[in-house]
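Visitor: Please walk me through this model. I would like each label set against its cut-off.

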Amino acid sequence: MLGLARGTDLDLRQTLLRSAALAVFSVASGVFGALLGGPGLHLFGGNRLDLMGIGTLVVLAVSMAATAFQAVIGELGSALAVVLFVVIGNPSSGGPYPPEFLSGIRREVGRYIPTGAGLEAVRTIAYFGSHTSALRW
């Protein structure tokens with residue numbers, strides 16, 4: 001939406017403002033997602049701060065990559081981001097099925113896309129608590 005509203009040709013000032021806006025959005029999304037999935041819907045337990053941190057990092061990684069795609073190739077960057085993170089990333093993340101049950105390249109790609117890495121981190125915290133988490137608050 002930022003790319004369509006303000007264009008994709010960014011100078012330094014616009015880049016810094018957009019990065020700050022994405023950082024604020026990422027923190028809000030991480031907090032909301034952890035509260036919704038934890039106490040809101042009782043989907044998983046674990047340290048809420050770790051879950052908030054993972055959510056924030058995943059949203060920030062995807063949104064900054066989408067912004068970079070837009071800055072480099074223009075409005076087609078939005079389409080590339082959707083294809084990479086939604087069409088390829090969601091089925092390859094291993095959410096509905098473990099990575100061992102995925103076929104071919106999806107098994108390998110999922111762990112290198114932020115959605116798959118984030119899901120694995122959330123799964124680790126939900127099952128093992130913060131004992132194996134790399135995030136230490």
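**Helices, a ring pair and the cores**

Guide: Among what covers the buried residues of H4 are H3, helix H5 (104–109) and H6. This is a predicted model, where local features need pLDDT of at least 70 and side-chain atom pairs count only at pLDDT 80 or more, while totals for chains, interfaces and linings use all residues. Residues are numbered from 1 along each chain as its sequence is written, and side-chain values use heavy atoms, with hydrogens and water left out.

Visitor: How many residues does H4 have, and how far does H4 reach?

Guide: H4 has 17 residues and reaches 22 Å from first C-alpha to last, close to the 24 Å expected. H4 also has a kink of about 25°, centred on valine 83. The bend at a residue is the angle between axes fitted to the seven residues ending there and the seven starting there. Just after H4, glycine 94 takes a positive phi of about 90°.

Visitor: Why is the pair of phenylalanine 69 and phenylalanine 85 called stacked?

Guide: Rings of Phe, Tyr and Trp (its six-membered ring) pair if their centres lie within 6.5 Å; planes under 30 degrees apart count as stacked, over 60 as edge-to-face and the rest as tilted. The structure holds one aromatic pair. Here the centres are 6.5 Å apart and the planes are at 15°, so the pair is stacked. Phenylalanine 69 sits in helix H3 and phenylalanine 85 in helix H4, 16 residues apart.

Visitor: Is phenylalanine 85 buried or exposed?

Guide: Buried means under 20% relative accessible area, exposed over 50%, partly exposed in between (1.4 Å probe, protein chains only). Phenylalanine 85 has 8%, so it is buried. Phenylalanine 69 has 22%, so it counts as partly exposed.

Visitor: Which residues make up the largest nonpolar core?

Guide: A nonpolar core is a set of buried Ala, Val, Leu, Ile, Met, Phe, Trp, Tyr and Cys residues joined through side-chain atoms within 4.5 Å. The largest has six: Ala34, Leu51, Met52, Ile54, Val122 and Ile125. H3 gives the largest share, three residues. A second, separate core of five residues includes Ala65, Ala66, Ala81 and Phe85.

Conventions: Helices (H or I, at least four residues) and strands (E, at least two) are DSSP runs, numbered from the N terminus. The expected span of a helix is 1.5 Å times one less than its number of residues. Contact means heavy atoms within 4.5 Å.
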